[in-house]
Amino acid sequence: MSTHYRVHISVAPLGASELNKTLLAIREAWTAPHYVHKIERNKVYFLQTSAEASFLPDENEQAFADRVSIAIWRKIGRYVKVVIDTTDSDDVPADCFEFNEYDYRKLMRTN
């Protein structure tokens, strides 16, 4: 039986047209978020999402975070900061992954 994870994904800075692209990338790479919160300041957006579902078979937290971040970057066509926080079905906090521009360049080059 696969483990379910509770995942919180935060993405910023986004333009108004990138909000739906980011949500689509998350849905295509994993699942539809159960919670979506958009914060706007001076036409710049901060997106917070949460969902609970399984990862791909044999996928660990790091591989999941890498894969979802790459999907977001590809869908919007540029770097944005992505933070992914995972908790497994036993309520054991796993890890918090924060992707900066160095991670973007490294992951996009190898994927």
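Two residues are in contact when heavy atoms lie within 4.5 Å. By that criterion, residues 24 or more positions apart account for 63% of the contacts in the protein with a separation of 6 or more. The model is predicted.

The protein has three helices and five strands, and along the sequence they follow the pattern β-α-β-β-α-β-β-α. For 111 residues, a compact globule would have a radius of gyration near 13 Å, and the protein agrees, with 13 Å. Along the principal axes, its C-alpha atoms fill a box of roughly 45 × 30 × 20 Å. Of the 111 residues, 40% are buried.

The largest nonpolar core holds 29 residues, among which Ile9, Ile72 and Val82 touch the most other members. Two or more residues each are given to this core by β1 (4-14), α1 (16-29), β3 (44-54), α2, β4 (81-88) and β5 (93-99). Helix α2 provides the largest share, seven residues. Val82 shows what such a position touches: leaving aside neighbours within four places in sequence, Val82 is in contact with Ile9, Ser10, Val11, Ser69, Ile72, Trp73, Phe97, Glu98 and Phe99.

Helix α2 (residues 61-76) also meets helix α3 (residues 101-110): their axes come within 10 Å and cross at roughly 90°. Because angles of 65 to 115 degrees count as roughly perpendicular, α2 is roughly perpendicular to α3. On the α2 side the contact is made by Asp66, Ile70, Trp73 and Arg74, and on the α3 side by Asp103, Tyr104, Leu107 and Met108. By class, this contact has five nonpolar residues, three charged and no polar ones.

Methods: Residues are numbered from 1 along each chain as its sequence is written. This is a predicted model: local features need pLDDT of at least 70, side-chain atom pairs count only at pLDDT 80 or more; totals for chains, interfaces and linings use all residues. Side-chain values use heavy atoms; hydrogens and water are left out. Axes are lines fitted to C-alpha atoms, for helices over the stretch in contact, and angles run from 0 to 180 degrees between N-to-C directions. Helices (H or I, at least four residues) and strands (E, at least two) are DSSP runs, numbered from the N terminus. Angles under 35 degrees count as roughly parallel, over 145 as roughly antiparallel, 65 to 115 as roughly perpendicular and the rest as oblique. Ala, Val, Leu, Ile, Met, Phe, Trp, Tyr, Cys and Pro count as nonpolar, Asp, Glu, Lys and Arg as charged, and the others, Gly among them, as polar. A nonpolar core is a set of buried Ala, Val, Leu, Ile, Met, Phe, Trp, Tyr and Cys residues joined through side-chain atoms within 4.5 Å. Buried means under 20% relative accessible area, exposed over 50%, partly exposed in between (1.4 Å probe, protein chains only). The radius of gyration is taken over C-alpha atoms; the globule rule is 2.2 Å times the number of residues to the power 0.38.
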